[in-house]
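Me: I would like to go through the labels given to parts of this model and see what each one rests on. Please set each value against its cut-off.

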Amino acid sequence: MSPDAVVAGHVCLDIIPALPRGARFVPGQMIEIGGTGFAAGGAVANTGVALHRLGVAVCLVGRVGADRYGDLLRHILAGHAAHLAEALHRDDTAATAHTYILSVPGADRMLVHHAGSNAAFRDTDVSDALLAAARALHLGYPPTLEQMYRDDGAGTVALLTRARAAGVTTSVDMTQIDLAGRTGAADWPTILRRFLPLTDLFLPSVGEMLQLLDPARWRRLATQGDVATLLPARDVAALGRALLAMGPALVMLKCGARGLYLCSASAARLAAAGHAAPRDAAAWADRELWVPAYPADLVGTNGAGDAAIAGFLMGVLRGFGLSRSLDAAVAVGACSVEHADAIAGVSGWPAIMQRKAAGWRRDWRDPPGPAWRRDDAAGWWCGPRDGAPLASHTDDEELIP
Ligand SMILES: Nc1ncnc2c1ncn2[C@@H]1O[C@H](COP(=O)(O)OP(=O)(O)OP(=O)(O)O)[C@@H](O)[C@H]1O
Ligand SMILES: [Mg+2]
């Protein structure tokens, strides 16, 4: 099968015990559980399987250990479609990455994670043959891939350079780092400056970006609650523009139930975004937009970002316009949060279109800021800088006040 998209990077086995309401972890005591669920997790499994369900021919590339957890992970992926497990590398030197998701009903979840084989993922794991065949490459969670972020991101730069040389459209998603750990010691502003010019579509969540660019403010906000909810829209926009100035064609900052913020570079930069570059680059250029989320029956937000990215990439790969591609992102993200795992709620694009036809409407709420203009036809708010060349001028305001 010739893939349209390659999804590469972080993959792991999620182990999910069904904990009873009110469960507390007390040394010396036992907790009876209702059973244990196993799921394929991480960006590669979540975005990859969601893309597959949305009808995109996709190839998944990641590292899995030569162990039982690795066998189970392959088995779960092959259960979605046989070819999804075929391009995973077998790593004899490390255990399969795994995460215990300890979710007591009614309380925030705890994650117990072993990085394992993901630490060994390297740029050459994505072969030249794959890059020659695909139109798009999505790299998931470089902060969890030690060989990709060390040496100021040399591995990430190497992979994206090869992809762009092959004409492939590149996208990258990030994840939170441990400020006190190994990932926190890396020079993230430098790493971003090195790989963002090689990234066409940069698709992180807002909290992760604040953590990398303004850790002090991130710490203050994170102690108060959810950063994606608390950060004012003008600061989200400032963060987006600062990232756009580092060289990608487009920055999408996922903001949870608030939806997402998008800003884009010039038509020339968008037209240079590889095989899947938008045909109507001018309509995608110099935009500053806020896309409201769809209302959803919230069960779990785990992997919502990965699912939203799959929706957006499906739109890009199918040649949808900007409005429809962003609509696919927030619609698929909302479907994802209605189930405990990332992909159970993502049944396919026709089902989502049916839901919209049956009256599923955006959750508009208040405008993101005073100067934002609502555009009902497009389904978004236009920001104060919409239509201006965003990436080419440097702001005189501070990045984050
Ligand atoms: N509670 C919600 N209700 C409706 N839509 C949601 C909700 N949470 C998230 N979404 C949709 O999914 C998108 C992605 O979610 P989010 O911003 O949480 O990504 P993320 O932080 O990358 O998540 P993760 O890293 O857990 O995958 C949002 O932009 C929004 O459109
Ligand atoms: Mg995310």
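**Labels and their grounds**

Reply: Asp-152 lies in helix 4 (residues 146–165); helices (H or I, at least four residues) and strands (E, at least two) are DSSP runs, numbered from the N terminus. This is a predicted model, in which local features need pLDDT of at least 70 and side-chain atom pairs count only at pLDDT 80 or more, while totals for chains, interfaces and linings use all residues. Residues are numbered from 1 along each chain as its sequence is written, and chains are lettered from A and ligands numbered from 1 in the order in which they are written.

Me: Why is Asp-152 called partly exposed?

Reply: A residue is buried if 20 or more other C-beta atoms lie within 10 Å of its own, exposed if 12 or fewer, and partly exposed in between, with C-beta atoms placed from the backbone. Asp-152 has 15 C-beta neighbours inside 10 Å, so it counts as partly exposed. Its phi is near 55°, a positive value in a residue other than glycine.

Me: What makes Arg-365 exposed?

Reply: Arg-365 has 12 other C-beta atoms within 10 Å, and is therefore exposed. Arg-365 sits in the loop between helix 15 (349–357) and strand 15 (373–375). Phi of Arg-365 is near 50°, again positive in a residue other than glycine.

Me: Why does Val-56 count as buried?

Reply: Val-56 has 21 C-beta neighbours inside 10 Å, so it counts as buried. Its place is in the loop between helix 1 and strand 4 (58–61).

Me: How do you know that helix 1 is largely enclosed by the rest of the structure?

Reply: In helix 1 (residues 42–53), 12 of the 12 residues are buried, so the helix is largely enclosed. Among them are Gly-42, Asn-46, His-52 and Arg-53. Helix 1 is followed by Gly-55, with a positive phi near 95°.

Me: Why are helix 13 and helix 14 called roughly antiparallel?

Reply: Axes are lines fitted to C-alpha atoms, for helices over the stretch in contact, and angles run from 0 to 180 degrees between N-to-C directions. Angles under 35 degrees count as roughly parallel, over 145 as roughly antiparallel, 65 to 115 as roughly perpendicular and the rest as oblique. Helix 13 and helix 14 pack at about 150°, with axes 7 Å apart, and are therefore roughly antiparallel.

Me: What makes helix 1 oblique to helix 13?

Reply: Their axes come within 8 Å and cross at roughly 45°. That angle makes helix 1 oblique to helix 13.

Me: Why is helix 7 called roughly perpendicular to helix 10?

Reply: Helix 7 (residues 206–213) and helix 10 (residues 233–244) pack at about 70°, with their axes 11 Å apart. That makes helix 7 roughly perpendicular to helix 10.

Me: Which elements give two or more residues to the shell around ligand 1?

Reply: Of the 23 residues around ligand 1, Ser-205, Lys-254, Ala-304, Gly-305 and Gly-333 come nearest (a residue is near if its C-beta atom, placed from the backbone, lies within 6 Å). The elements giving two or more are helix 13 (304–317) and helix 14 (322–337).

Note on methods
Expected span 1.5 Å × (residues − 1).
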